[in-house]
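Here are my notes on the model you sent over.

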Amino acid sequence: GESRQVTLMLDATPIVQGTFNNRLYEYNFSLIGCDVQVVLASNKRGLDGTLVGGAQFVGAYFALRKAKAQHQACPSSPDAITCTVRIEIYDVGRNCWVQLSRSVAMRFEAGATALGTPAALSFDDFRRALGPADRSNRFNA
C-alpha cells in the first residue's frame, strides 16, 4: 500500500482562547480520495474522572467521514479504511514535532466516532508548544 503524510497548517486560536461553541475543534479535509477529519478537543477531568470540556488537556482524534451526497463525484468513497494515523504539532520553542496521538493499523469506519487520545498533552504544554500568537493574533498548530 501507499503511504501518505500530510502537514496541515491549522489556526488553533479557538482552542487556546476558548472561542468556539463546544470543546471540539474539527478540521475536515480530503486525503487520497477519502473525506476525513482531525479533531482537537479541550478536555478536563470531571469529579468522577471522566473527561468533560475544559482547559486541562488537549485531545487529538481522527475519523473517516461519510461521503456527502454533493461530494459523490468520487464513486469509490470507502465505507472503511485501515491505516496508521499519527497526529503531531510543531513545538516552536523546542524546534521539533510533538506527538499527540498515534494508532497502528486501525480500522476507521465512515461515520463512526473519531478515535484518538483524549488527554494527549496538557493544555499548558499545548499552548507553550504553539508559541506566541502571530501578528494577526493567531496560534498555529
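1. Let me start with Gln37, which sits in strand β2 of this predicted model. Is Gln37 buried or exposed? With a relative accessible area of 12%, Gln37 counts as buried, because the cut-off for that label is under 20%.

2. What does the Gln37 side chain pair with? There is a polar contact of 2.9 Å between the side chains of Gln37 and Asn28.

3. Next, have a look at the largest nonpolar core, which has 26 residues. Which of its members touch the most others? They are Phe62, Ile87, Ile89, Leu100 and Phe126. Several elements give two or more residues to this core: the helices α1 (13–17) and α2 (123–130), together with the strands β1 (24–31), β2 (34–45), β4 (57–64), β5 (80–91), β6 (96–109) and β7 (115–122).

4. Leaving out neighbours within four places in sequence, Ile87 is in contact with Val38, with Ala60, Tyr61 and Phe62, and with Val98, Gln99, Leu100 and Ser101. Two of these partners, Phe62 and Leu100, are named with Ile87 among the core members that touch the most others.

5. For a contrast, go to Ala112, in the loop between β6 and β7. How accessible is Ala112? Its relative accessible area is 40%, so it is partly exposed, the range between 20% and 50%. Beyond neighbours within four places in sequence, Ala112 is in contact with Ala63 and Leu64. Ala112 and Ala80 are 32 residues apart in sequence, and their C-alpha atoms are 9.5 Å apart.

6. Finally, the chain as a whole. It holds two helices and seven strands, and the order along the sequence is α-β-β-β-β-β-β-β-α. Of the 141 residues, 33% are buried. Taking contacts between residues at least 6 apart in sequence, 52% join residues at least 24 apart. The chain exposes about 8,800 Å², with 47% of that supplied by carbon and sulfur atoms.

Notes:
Residues are numbered from 1 along each chain as its sequence is written. This is a predicted model: local features need pLDDT of at least 70, side-chain atom pairs count only at pLDDT 80 or more; totals for chains, interfaces and linings use all residues. Side-chain values use heavy atoms; hydrogens and water are left out. A nonpolar core is a set of buried Ala, Val, Leu, Ile, Met, Phe, Trp, Tyr and Cys residues joined through side-chain atoms within 4.5 Å. Buried means under 20% relative accessible area, exposed over 50%, partly exposed in between (1.4 Å probe, protein chains only). Helices (H or I, at least four residues) and strands (E, at least two) are DSSP runs, numbered from the N terminus. Contact means heavy atoms within 4.5 Å. A polar contact is a pair of N or O atoms within 3.5 Å; within protein, one must be able to donate a hydrogen and the other to accept it, and residues adjacent in sequence count only if both atoms are side-chain atoms. Accessible areas come from the Shrake-Rupley method with a 1.4 Å probe; for residues, only the protein chains shown count as cover.
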